[in-house]
Amino acid sequence: MKRKRAAEMESEMRSATAQLAVDHAAPDIPTKPFLSLCNLILRFLDKVGPTMAVLRQDIHKNIQRLESVYESDPLLYSNMVEVLKKEMNDGIARKLTSCSRAFLWLTRSLDFTVALLEKSREEPRLSMEQAVEDAYNLTLKPWHGWISSAAVKIALKLVPDSERFDRLLTANDEQNDTLVEEIDSFISQLSPFLEHIHSILRLYRLDRLKSA
């Protein structure tokens with residue numbers, strides 16, 4: 001079972017990394033591949049455990065919002081930049097139920113995931129609770145209200161320890177090294193891709209929006 005989980009995660013990471021290499025070269029943000037990437041993050045958060053339930057729920061809701069719009073007209077909404085442009089022109093980009101906000105929060109969730117993976121790799125002796133808290137404080141807390149922050153603080157008590165988290169992601173054999181390489185490659189591709197997205201969010205003045 002461990003070997004199967006590691007192989008699945010390795011395959012998903014490799015696929016996402018390959019897609020990121022293509023997407024980063026494009027001036028726009030292809031909607032469907034972006035949503036596929038966000039769905040991969042959902043599976044990753046599932047492995048962390050119930051502490052991620054609140055964040056997972058928000059991600060899932062935002063994915064559904066973008067999927068609904070995309071499926072209504074796949075050609076028109078084939079890239080997220082066009083979605084942002086349309087909502088900005090319609091004067092609804094900053095509304096709580098806008099696709100622009102959904103896109104913003106999905107991007108921040110990706111920021112959190114990168115920060116967590118980096119923290120876990122750079123400081124392997126750090127407890128998983130501390131790694132999750134540090135990643136949250138760096139990427140999501142500045143934009144959350146006190147209710148969301150309080151909910152996360154309580155949920156942190158449910159974070160698995162580092163050893164258990166390690167077992168969730170890897171098999172204890174030669175596949176471990178391969179998966180670590182895939183994670184490193186994934187981070188190296190995702191980080192500049194996220195920088196590209198943030199530059200677009202700044203262009204449309206959406207980057208400073210906070211939760212309600």
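Colleague: How does H2 pass H3, in a left-handed or a right-handed crossing?
Modeller: H2 passes H3 in a left-handed crossing, and please keep in mind throughout that this is a predicted model.

Colleague: And at what angle do H2 and H3 pack?
Modeller: The angle is about 160°, and the axes of H2 and H3 are 10 Å apart. Since angles over 145 degrees count as roughly antiparallel, H2 and H3 are therefore described as roughly antiparallel to each other.

Colleague: Which residues in H2 and H3 meet there?
Modeller: From H2 the contact includes Thr31, Phe34, Leu35, Cys38, Leu42 and Leu45, and on the H3 side the residues include Leu55, Ile59, Ile63, Leu66 and Tyr70. By class, the contact of H2 with H3 has ten nonpolar, three polar and four charged residues, and among the charged ones are Lys32 and Asp46 in H2 and Arg56 and Glu67 in H3.

Colleague: Stepping back a bit, how many helices and strands does the chain have?
Modeller: There are nine helices and zero strands, and from the N terminus on the elements run α-α-α-α-α-α-α-α-α.

Colleague: What share of the residues is buried?
Modeller: Buried residues make up 47% of the 212 residues in the chain.

Colleague: Which residues have the most contacts inside the largest nonpolar core?
Modeller: They are Phe34, Leu66, Phe103, Phe112 and Leu116, in a core that has 56 residues. Helices H2, H3, H4, H5, H6 and H9 each supply at least two residues of this core, and the largest share, twelve residues, comes from H5.

Colleague: Then let's stay with H5; how is H3 placed against H5?
Modeller: H3, which covers residues 53-72, and H5, which covers residues 99-122, pack at an angle of about 135° with their axes 9 Å apart. That angle makes H3 oblique to H5, and H3 passes H5 in a left-handed crossing.

Colleague: What meets what between H3 and H5?
Modeller: Leu55, Ile59, Asn62, Ile63, Arg65, Leu66 and Val69 in H3 meet a set of H5 residues that includes Cys99, Ala102, Phe103, Trp105, Leu106 and Phe112. Counted by class, the contact of H3 with H5 has eleven nonpolar, two polar and one charged residues.

Colleague: And how do the axes of H4 and H5 cross?
Modeller: The axes of H4 and H5 come within 9 Å and cross at roughly 135°, and H4 and H5 are therefore oblique to each other. In that contact Met80, Val83, Leu84 and Glu87 in H4 meet Cys99, Ser100 and Phe103 in H5, which by class comes to five nonpolar, one polar and one charged residues.

Colleague: Phe103 keeps coming up, so what is Phe103 in contact with?
Modeller: Leaving aside neighbours within four places in sequence, Phe103 is in contact with Ile29, Phe34, Leu66, Met80, Leu84, Ile197 and Leu201.

Colleague: Where is Leu201 found, and is Leu201 buried or exposed?
Modeller: Leu201 is found in helix H9 and counts as buried, because the relative accessibility of Leu201 is 0%. Not counting residues up to four places away in sequence, Leu201 touches Phe103, Leu104, Thr107, Leu206 and Asp207. Leu201 and Leu104 are 97 residues apart along the chain, while their C-alpha atoms are separated by 7.4 Å.

Colleague: What about Thr107, buried or exposed?
Modeller: Thr107, whose place is in helix H5, counts as buried at 0% relative accessibility. Beyond residues up to four places away in sequence, Thr107 touches Phe34, Leu194, Ile197, His198 and Leu201.

Colleague: Last topic, what is the phi of Arg205?
Modeller: Arg205 has a positive phi of about 55° although Arg205 is not a glycine.

Colleague: Where does Arg205 lie, and is Arg205 buried or exposed?
Modeller: Arg205 lies in the segment after H9, and with a relative accessible area of 66% Arg205 is exposed.

Conventions:
Residues numbered from 1 in each chain as written. Predicted model: local features only at pLDDT ≥ 70, side-chain atom pairs only at ≥ 80, totals over all residues. Heavy atoms only, no water. Axes fitted to C-alpha atoms, helices over the stretch in contact; angles between N-to-C directions. Helix = DSSP H or I, 4+ residues; strand = E, 2+ residues; numbered from the N terminus. Parallel < 35°, antiparallel > 145°, perpendicular 65-115°, else oblique. Left-handed = near helix turned anticlockwise from the far one by under 90°. Contact = heavy atoms within 4.5 Å. Core = buried A, V, L, I, M, F, W, Y, C linked by side-chain atoms within 4.5 Å. Buried < 20%, exposed > 50% of the residue type's maximum accessible area, 1.4 Å probe, protein only.
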